[in-house]
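Colleague: I would like to learn how to read a few backbone features in a model, with a case for each. Could we take them in turn?
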Amino acid sequence: MPARLRELVPWLLAVALLAAVGRAFWLPGEPPADFTFINGTEPKSLDPQLITGQPEGRIAAALFDRIVRWHPDTLEVMPALAERWEVSEDQKQYVFHLRDAVWSDGEPLDAPAIVAAWQRFLDPATAAEYSYQLWPVRGARAYGVGLVAAGEMIEVELDEQDPQRPFARGPLVRGQASWVGSIANDGSRQASDAAALFGGSDDEAVLVEVDGVLYASPEHPLVADGTATAARAALPDFATRVGISARDQRTLVVELAEPTPYFLHVCGFYPLAPVPIHVIEKHGSPNWTKSENIVCSGPYRLYSRRLRDRVRMVRNETSYRADEVSLEVVDALAIDSGATALAMFETAAVDWATNLPPFAAKLFIERDDPTLRLQSELSIGFYRLNTTRPPLNDPRVRQALSQALDRSTIVKAVYGPGQPPSLSFVPEGMETATGYAPVQTAAEDAEEARKLLAAAGYPGGEGFPKITITFNADEGHQMMAELIQAQWKSRLGIDVELASMEWGAFLDAQSRLDYWVARAGWTADYVDPNTFLDMFVTDGANNQTGFSSPDYDRLIAEASRTPAGDARDAVFAEAETILMEELPVLPLFMRVSKNLVAPWVTSFPENSLDIHPIEAIQVDAQRQSEARQARRLRGAAP
Amino acid sequence: MIAFLVRRVTWLVATLLVVYTVTFFLMRAVPGGPFSSERQPPPEIREAIARRYKLDLPLSQQYVTELTRLLRGDLGMSFRLADYSVGEVIAEGWQASASLGTVAMVLAILVGGAAGVVSAARPGGLIDGAVRTFTMVGISLPSFALAGVAVLLVVYEWRLLPAAGWGTLPQLILPAGCLGAVYAAEIARLVRSGVVEAMQSDWVRTARAKGASHRRIVLHHAVRGAVGPVVSFLGPAIAGILTGSVVVEKVFAIPGIGYHFIEAATTRDYTLAMGLVLLYTLLLGVAGILVDLVQAALDPRINLEK
């Protein structure tokens with residue numbers, strides 16, 4: 001390299017550095033919102049049909065209206081997109097009369113739009129995690145699983161694209177399936193009674209025949225040689241076999257397979273919010289959720305989204321509820337560190353913080369801080385017991401473990417006062433919400449616990465194998481496990497080990513039944529005892545204890561056929577009695593939602609599902625701006 | 001130089017392939033998956049989800065499909081940030097990480113460089129002692145501890161700067177300071193030892209014999225001895241700082257790549273984690289090549305062909 005050129009190198013580096021610095025100070029600042037809150041972890045998606053978590057739910061509920069909504073304080077079902085509705089005598093048919101609502105682009109949000117949205121929700125290609133919430137509807141489960149059988153009405157979605165709506169479903173061929181099965185390479189046909197979906201190109205790939213035409217997935221070899229027609233999917237015929245239909249533009253009719261008392265409540269749950277099919281067909285998923293494409297129906301619409309930073313929402317003027325909304329611009333910050341959230345709250349950078357670190361919660365409770373809002377939730381903290389592993393397969397051992405615990409001392413030591421212990425699996429709050437009185441397990445009795453353990457063959461804990469309490473890494477879970485370990489040791493004489501695991505590995509171990517005792521929690525999806533009790537039916541996806549009782553299964557099935565009322569509550573009580581005697585789970589405490597709310601927030605609805613609709617929140621803007629300037633939550637600068 | 005580049009780029013491609021393979025199988029060997037959750041949907045829905053994301057295919061087939069997609073330059077869709085492709089996540093996170101990293105690095109070079117030179121000018125003196133103490137503390141102090149103390153003092157006690165967040169200049173100062181401090185300490189140490197060593201060299205003795213002032217000797221001659229080690233250090237350091245700092249980004253809630261990195265690993269976001277690991281490998285490799293080129297450009301004694 002010539003010396004002259006070499007001299008230039010340091011200068012070139014300096015210029016590059018300067019350019020980089022100039023670029024670095026170009027920051028995406030925006031004026032502050034009228035209301036800013038810590039929303040926890042970054043939402044998985046803005047598509048209400050694809051989400052399950054609380055941070056996602058807060059945003060989805062603000063952006064997308066449902067056919068009914070829940071009263072912000074009492075959670076009672078209120079009119080939303082449906083102005084009123086009728087329920088048939090047998091509680092199996094719902095007729096919803098819709099109001100004249102529009103999407104934020106002015107398109108009508110009418111009954112056909114809702115039918116199309118719910119069809120997408122159920123479509124197995126959407127793979128919507130919460131779609132089973134619609135399974136009480138007649139034919140919904142078969143459609144969602146994609147079960148087709150010979151002799152039934154089916155719809156075949158052809159593999160053709162409409163250039164105007166590139167992401168729409170393909171044209172449908174509807175008719176009776178004359179044959180369903182697979183065709184081997186040698187041409188031999190193998191009929192199957194019922195098959196779920198087709199795909200893949202191997203021998204087992206499923207084909208269907210309608211009106212003498214064979215349909216198969218586009219990759220199937222028979223498509224290439226022209227024997228079969230390419231189709232994306234074959235599903236039960238939605239129009240005739242699923243109980244969701246539009247009687248006219250403003251009337252939505254839903255037919256259920258069984259009377260499901262909580263169905264109306266579920267209709268207010270965010271995953272059931274209609275999505276704008278006309279936008280999804282144009283932009284595809286997930287592109288329709290981008291701020292430049294998205295179309296909303298709720299009290300807010302999306303203004304902008306910066307990943308792992310914030311979702312900014314602005315009042316949706318086209319909503320029929322626009323007048324009720326007081327906050328013009330709202331920021332939902334994606335911050336999952338509790339310590340960071342606390343620092344932002346204390347310096348008045350946010351108006352509401354949802355995730356408080358446990359140490360701070362205890363401190364706030366002890367000093368009786370009015371900014372901390374405690375509200376008992378329909379949520380239970382419990383331990384799962386692996387009933388497939390001896391000695392935990394013996395109900396007496398499980399009862400002994402339960403009766404040896406002094407729950408109030410343990411819970412108070414870990415979470416401070418204000419977090420009540422629980423002896424029932426359905427939280428007590430259910431009684432005020434629905435009238436169902438939860439059934440309790442036997443209260444603390446160390447003497448009885450020792451007797452039970454002795455009867456099971458372990459007098460004084462002798463010969464009891466070493467079992468392990470597994471929990472996901474967390475200060476509070478660790479402390480609770482230590483206290484329980486100590487009580488089991490001192491009262492029953494048994495040795496217990498503790499194992500802290502990383503979240504993903506912990507969930508995996510639980511679902512594979514690879515544990516002895518595992519910590520768990522469950523929050524109601526809807527206000528009904530069923531959301532807690534149907535978990536423990538044999539092989540239920542969330543059972544994860546190996547517990548199986550034919551009586552229990554029968555009772556839960558019976559409850560689903562029984563209309564709401566005392567008779568149904570009695571069936572649930574009978575089921576919970578079994579659960580609280582068999583004890584595949586040890587209920588420990590009722591969870592309490594902990595929200596930090598700034599003093600200038602003048603209206604902040606609270607309820608037992610920890611749902612705080614943003615459109616119902618109000619602030620005193622004057623006090624808020626003073627506090628923001630001083631970076632102080634309370635009082636003036638010293 | 002062409003031969004040098006061809007050799008290094010070939011190595012880089014081979015490294016990327018190995019990193020891809022190891023990451024792919026390691027991630028799938030870890031228990032749990034991108035869709036495990038405390039609330040399990042019915043098995044039929046779990047199957048539909050697995051099918052949609054092609055997680056139901058045999059591992060070997062997944063390995064090939066993903067590799068083919070990557071070779072086309074497509075990093076795929078993120079599993080846990082379902083509205084974004086991995087490319088979009090990186091493009092967005094990059095802006096924050098790069099802003100933060102550049103400011104931190106410039107601070108580190110200015111402060112660290114100055115401290116190193118001043119310290120080396122009078123080895124054993126009072127200033128030297130102070131600087132060496134500070135660099136020792138800076139190097140050994142983990143950044144979460146430093147960030148914690150900074151938040152306590154600057155945010156809680158003095159209410160001078162915002163606690164966290166991203167988008168305005170005041171929000172940049174504290175995290176850039178915390179991130180830069182560690183690098184500043186390292187640079188100060190490198191500069192000091194480089195200058196002190198150069199002070200013993202023949203060319204410095206010659207300069208002194210010619211009657212050059214102490215100031216001129218230190219600033220004009222001896223400082224050059226520190227440039228080599230600092231540039232070598234800066235290559236990987238810049239690659240690291242551009243891919244974001246896990247701790248600082250988390251504490252100060254900065255939407256950068258470091259934050260995405262840790263989240264991708266803990267939530268088993270296979271595609272995002274893979275994209276970020278490959279990005280980091282690529283950056284590290286390119287930074288290494290650039291450092292060698294710059295070293296050769298600055299120092300005539302270095303021959304790239306060897």
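Modeller: Let us begin with exposure, where a residue is buried if 20 or more other C-beta atoms lie within 10 Å of its own, exposed if 12 or fewer, and partly exposed in between, with C-beta atoms placed from the backbone. Asp368(A) has 7 other C-beta atoms within 10 Å and is therefore exposed. This is a predicted model, in which local features need pLDDT of at least 70 and side-chain atom pairs count only at pLDDT 80 or more, while totals for chains, interfaces and linings use all residues. Residues are numbered from 1 along each chain as its sequence is written, and chains are lettered from A and ligands numbered from 1 in the order in which they are written.

Colleague: What is the phi of Asp368(A), and in which loop is Asp368(A) found?

Modeller: Asp368(A) is not a glycine, yet its phi is positive, at about 55 degrees. Asp368(A) sits in the loop between α10 (358–366) and β20 of chain A, where helices (H or I, at least four residues) and strands (E, at least two) are DSSP runs numbered from the N terminus.

Colleague: How does Arg159(B) count, as buried, partly exposed or exposed?

Modeller: Arg159(B) counts as partly exposed because it has 17 C-beta neighbours inside 10 Å. Its phi, near 55 degrees, is a positive value in a residue other than glycine, and Arg159(B) lies in the loop between α6 (143–157) and α7 (169–199) of chain B.

Colleague: Which residues does a cis peptide bond join?

Modeller: One such bond joins Pro390(A) and Pro391(A), with omega about 5 degrees, and Pro391(A) is in the loop between β20 (372–385) and α11 (395–403) of chain A. The peptide bond from Ser285(A) to Pro286(A) is also cis, with omega near 5 degrees.
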